[in-house]
Amino acid sequence: MVTIIMTKINSEILVQIQSNNTRLTKLDLRRYQFNASNVGVLIAHLATHTHLQTLDVGYTRIRADWAIALANHPHLTSLFLNDNVFGDAEAIVLANNTHLPSLNFENNRIRK
């Protein structure tokens, strides 16, 4: 297993790293600063690269709709959403995901 840990990196480099390494099964993006552009690139890229199984987006303040889109990636087996903030409705959507065997919500502040 190959693991890459990133904090500040642009989406083009992220895609290049993952594209060139088909052995990459875990991607650690804790504390990564997501925006609409780089999360869109990541979601689109995951759709065509099936080798990634574990994704950690803890401590990122990722938007709930982006987290839901990541959780719907059919090849992920683990998604870590530690220490983010989601509303009740978004947390329920994430928790009801039927194809994701492992979802970590540790230290989340679920808000109404």
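Me: What makes Arg-30 count as buried, partly exposed or exposed?

Reply: In this predicted model, Arg-30 has a relative accessibility of 34%. Buried would need a value under 20% and exposed a value over 50%, so Arg-30, at 34%, counts as partly exposed.

Me: Why is the pairing of Asp-28 and Arg-30 called a salt bridge?

Reply: The side chains of Asp-28 and Arg-30 meet with N and O at 2.3 Å. The label asks for a side-chain nitrogen of Lys or Arg within 4 Å of a carboxyl oxygen of Asp or Glu, and because 2.3 Å is within that cut-off, the pair is a salt bridge. As for Asp-28 itself, its relative accessible area of 2% is under 20%, and therefore Asp-28 is buried.

Me: How do you know that Arg-30 also forms a salt bridge with Asp-56?

Reply: The closest N and O atoms of Arg-30 and Asp-56 are 3.4 Å apart, and since the limit is 4 Å, this pair meets the definition too.

Me: What makes Arg-63 and Asp-65 a salt bridge, and how accessible are the two residues?

Reply: The closest N and O atoms of Arg-63 and Asp-65 are 2.6 Å apart, which is within 4 Å, so the pair qualifies as a salt bridge. Arg-63 has a relative accessible area of 43% and Asp-65 one of 40%; because both values lie between 20% and 50%, both residues are partly exposed. Elsewhere, salt bridges that share partners join Asp-28, Arg-30 and Asp-56 into one network. The structure holds three salt bridges.

Me: Why is helix α3 described as mostly covered?

Reply: Helix α3 spans residues 64–71, and six of its eight residues are buried, namely Ala-64, Trp-66, Ala-67, Ile-68, Leu-70 and Ala-71. Buried means under 20% relative accessible area, so each of these six residues lies under that limit. Their cover includes α2, β3, β4 (78–80) and α4 (88–95).

Terms used: Residues are numbered from 1 along each chain as its sequence is written. This is a predicted model: local features need pLDDT of at least 70, side-chain atom pairs count only at pLDDT 80 or more; totals for chains, interfaces and linings use all residues. Side-chain values use heavy atoms; hydrogens and water are left out. Buried means under 20% relative accessible area, exposed over 50%, partly exposed in between (1.4 Å probe, protein chains only). Helices (H or I, at least four residues) and strands (E, at least two) are DSSP runs, numbered from the N terminus. Contact means heavy atoms within 4.5 Å.
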